[in-house]
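Thanks for making time. I have one structure to go through this morning, and I will keep to what the coordinates show.

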Amino acid sequence: MAEPYTYDVPAIAAVDRLIRWHEKRAAADGRLALSLEAENLLIAAETNRQRAAAHGQTVACLKAFRERCCQPEKEFRGHLKQEVRLRVQIRAPP
C-alpha cells in the first residue's frame, strides 16, 4: 500500500493573501453581474454571479483551512526576556 502524500502547510500570510484576493474577485464579479443585469445581458450576469459565488466558497474553505491547519505566527518577544546578569566580582587592589 502506498504511503499518503504529506503536504507542506503554507505560511499563514500566504493563506491570508489568497483570502483577500478571492474576496476582491468575488466582489468585483458580483458588481459586474449587477451591471450586466442592468444592461439586460442576463446570461453574462448569471455567469459572473456563479463566478462570484465560487470565489466566495473558496474564501470560506480557505478560512476553515487557516483555522484548522495554520499555526498562528508567534510574535518576537525576545526583547522582553530579562537578561541573566552574572554578579560582578570586584577585585580589591593588593
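The protein has 94 residues, and buried residues make up 16% of them. The secondary structure is two helices and zero strands. Helix α1 covers residues 12-38 and helix α2 covers residues 42-69. The protein exposes about 8,800 Å², and carbon and sulfur atoms supply 56% of that area. If you take the contacts between residues at least 6 apart in sequence, 72% of them join residues at least 24 apart.

Now the salt bridges. How many are there? The count comes to five salt bridges.

As for the surface, Lys63 is partly exposed, at a relative accessible area of 32%. Glu23 is also partly exposed, at 35%.

Next is Glu37 with Arg49, a salt bridge at 3.5 Å, N to O. Here again the pair links distant parts of the chain, with Glu37 in helix α1 and Arg49 in helix α2, twelve residues apart. Glu37 has 38% relative accessibility and counts as partly exposed. Arg49, with 33%, is partly exposed too. This pair belongs to a network: salt bridges with shared partners join Glu37, Glu46 and Arg49.

The remaining pair on my list is Asp29 and Arg25, a salt bridge at 3.2 Å, N to O. Both residues lie in helix α1, four residues apart, which is about one turn of the helix. Is Asp29 buried or exposed? Its relative accessible area is 2%, and the cut-off for buried is under 20%, so Asp29 is buried.

Staying with Asp29, what does Asn48 touch? Not counting residues up to four places away in sequence, Asn48 touches Asp29, Leu32, Ala33 and Leu36. Asn48 is found in helix α2. At 7% relative accessibility, Asn48 counts as buried.

That brings me to the nonpolar packing. As background, in soluble globular proteins nonpolar side chains tend to be buried together. Which residues make up the largest nonpolar core here? There are six: Ile12, Val15, Ile19, Val59, Leu62 and Cys70. The elements giving two or more residues to this core are α1 and α2. The largest share, three residues, comes from α1.

One member of that core, Cys70, has a contact list I can read out. Leaving aside its neighbours within four places in sequence, Cys70 is in contact with Val9, Pro10, Ile12, Val15 and Phe65. Ile12 and Val15 are also members of the core.

To recap: the model is predicted, with two helices and zero strands. The largest nonpolar core has six residues, and α1 gives three of them. That is what I have, and I can take questions now.

Conventions: Residues are numbered from 1 along each chain as its sequence is written. This is a predicted model: local features need pLDDT of at least 70, side-chain atom pairs count only at pLDDT 80 or more; totals for chains, interfaces and linings use all residues. Side-chain values use heavy atoms; hydrogens and water are left out. A salt bridge is a side-chain nitrogen of Lys or Arg within 4 Å of a carboxyl oxygen of Asp or Glu. Buried means under 20% relative accessible area, exposed over 50%, partly exposed in between (1.4 Å probe, protein chains only). Contact means heavy atoms within 4.5 Å. Accessible areas come from the Shrake-Rupley method with a 1.4 Å probe; for residues, only the protein chains shown count as cover. A nonpolar core is a set of buried Ala, Val, Leu, Ile, Met, Phe, Trp, Tyr and Cys residues joined through side-chain atoms within 4.5 Å.
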